[in-house]
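Hello,

Please find the structure below, with its sequence. My notes on what was found in it follow.

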Amino acid sequence: MRIISISNHKGGVGKTATAHALGYALAWEGLRVLLVDVDPQASLTQACGVTDAGGSSLAEAIGGAAPGRLRLADALRPMGDNAPVLAPADIALAACELGLSQRMGRERVLSKILEPLAPRFDICLIDCPPSLGLLTVNALAAAGGVICPTQPQAADLRGLRLFLETLDLIRAELNPALDLIGILATFYDGRLNHHRAALEAMQRAGLPVLPVTIGRSVRVAEAAGAGMAISTYAPENPRAGEYKELAELVREWLRKRAAD
Ligand SMILES: Nc1ncnc2c1ncn2[C@@H]1O[C@H](COP(=O)(O)OP(=O)(O)OP(=O)(O)O)[C@@H](O)[C@H]1O
Ligand SMILES: [Mg+2]
């Protein structure tokens, strides 16, 4: 099982929408996909239509200052045929994060609880919270790759540098093999000068900008509200095609990794 974290400490850049749509796109193509919601806001859990995870969620599997009492396998929620399996989050994760700071091996707790699930899945996508706290550090320590969604505008690019520095720190201290799969421009509108300029600035700076961008469409938010994947909610919407292209890039990354 390869693990990819969808991460950026900036809020509202499309991390959850990406994890959700990409998870469904990969599962539709026959991969066994595990979606892990590491955000106490539980937006991915809600987008998957799960509202009753309290008491049996990732929070109880992670634990806090003491190890969790639940096996993650017992918290999993299958989303149906050719669909991902969800490890749901709950607001209790916020308390976990506080407790974790006192825990021995606190950065590798998620990695350890995911390990027994490895034979059951081809790929695991982790939806990170908008912070650089211990839950995000756990997600980055567990992952082989990172996709960093970002809005293509100057203010977000400054924040992006801080995130990239964090990745360097994680590589140096915890996870040398962590690969930045790419930066994903979200809410992208090619008609806007400042969007095009931001994308070009990232490319000029030698940043690994992915060759697919995700445009803005109210259908993405509607699909999440309905607990559905964009690919089934609005299959003709251009966003469904863009996420499909992203899934193809991820499959290429998986093939490359398998050959390494
Ligand atoms: N391509 C899109 N077009 C239009 N709306 C979108 C798109 N992607 C996401 N959204 C909406 O924008 C809001 C923020 O997106 P999302 O929750 O995916 O961001 P996030 O980075 O996970 O946020 P947070 O940092 O709070 O976790 C949500 O209401 C979501 O439904
Ligand atoms: Mg989110």
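Is C128 buried or exposed? C128 counts as buried, because its relative accessibility is 0%. Keep in mind that this is a predicted model, and that the values in this email were computed from it.

**Cysteines**

The structure holds zero disulfides. C48, for one, is in no disulfide: the nearest cysteine sulfur belongs to C124 and is 13 Å away. A disulfide needs two cysteine sulfur atoms within 2.5 Å. C48 counts as buried because its relative accessible area is 7%, and the cut-off for buried is under 20%.

**Helix α6**

Helix α6 covers residues 134-142. Nine of its nine residues are buried, so the helix is largely enclosed by the rest of the structure. The buried residues are L134, L135, T136, V137, N138, A139, L140, A141 and A142. As background, an α-helix has 3.6 residues a turn, so residues three or four places apart point the same way.

**Q151**

Where is Q151 placed? Q151 is in the loop between β6 (145-150) and α7 (154-173). Although Q151 is in a loop, it counts as buried because its relative accessibility is 14%. Which residues is Q151 in contact with, leaving aside its neighbours within four places in sequence? They are G12, V13, D156, T186, F187 and R216. With G12 there is also a polar pair: a polar atom of the Q151 side chain lies 3.1 Å from the backbone oxygen of G12.

**Ligand 1**

G12 comes up again at the ligand. A polar backbone atom of G12 is 2.9 Å from an oxygen atom of ligand 1. V13 has a backbone N or O atom 2.9 Å from an oxygen atom of ligand 1, and for G14 the corresponding distance from a backbone N or O atom to a ligand oxygen is 3.0 Å. On its own, ligand 1 has 620 Å² of accessible area, and the protein covers 78% of it. There are 18 residues around ligand 1, of which K15, T16, A17, G215 and S217 come nearest.

Regards

Terms used
Residues are numbered from 1 along each chain as its sequence is written. Chains are lettered from A and ligands numbered from 1 in the order in which they are written. This is a predicted model: local features need pLDDT of at least 70, side-chain atom pairs count only at pLDDT 80 or more; totals for chains, interfaces and linings use all residues. Side-chain values use heavy atoms; hydrogens and water are left out. Buried means under 20% relative accessible area, exposed over 50%, partly exposed in between (1.4 Å probe, protein chains only). Helices (H or I, at least four residues) and strands (E, at least two) are DSSP runs, numbered from the N terminus. A polar contact is a pair of N or O atoms within 3.5 Å; within protein, one must be able to donate a hydrogen and the other to accept it, and residues adjacent in sequence count only if both atoms are side-chain atoms. Contact means heavy atoms within 4.5 Å. A residue is near a molecule or strand if one of its heavy atoms lies within 4 Å of it. Accessible areas come from the Shrake-Rupley method with a 1.4 Å probe; for residues, only the protein chains shown count as cover.
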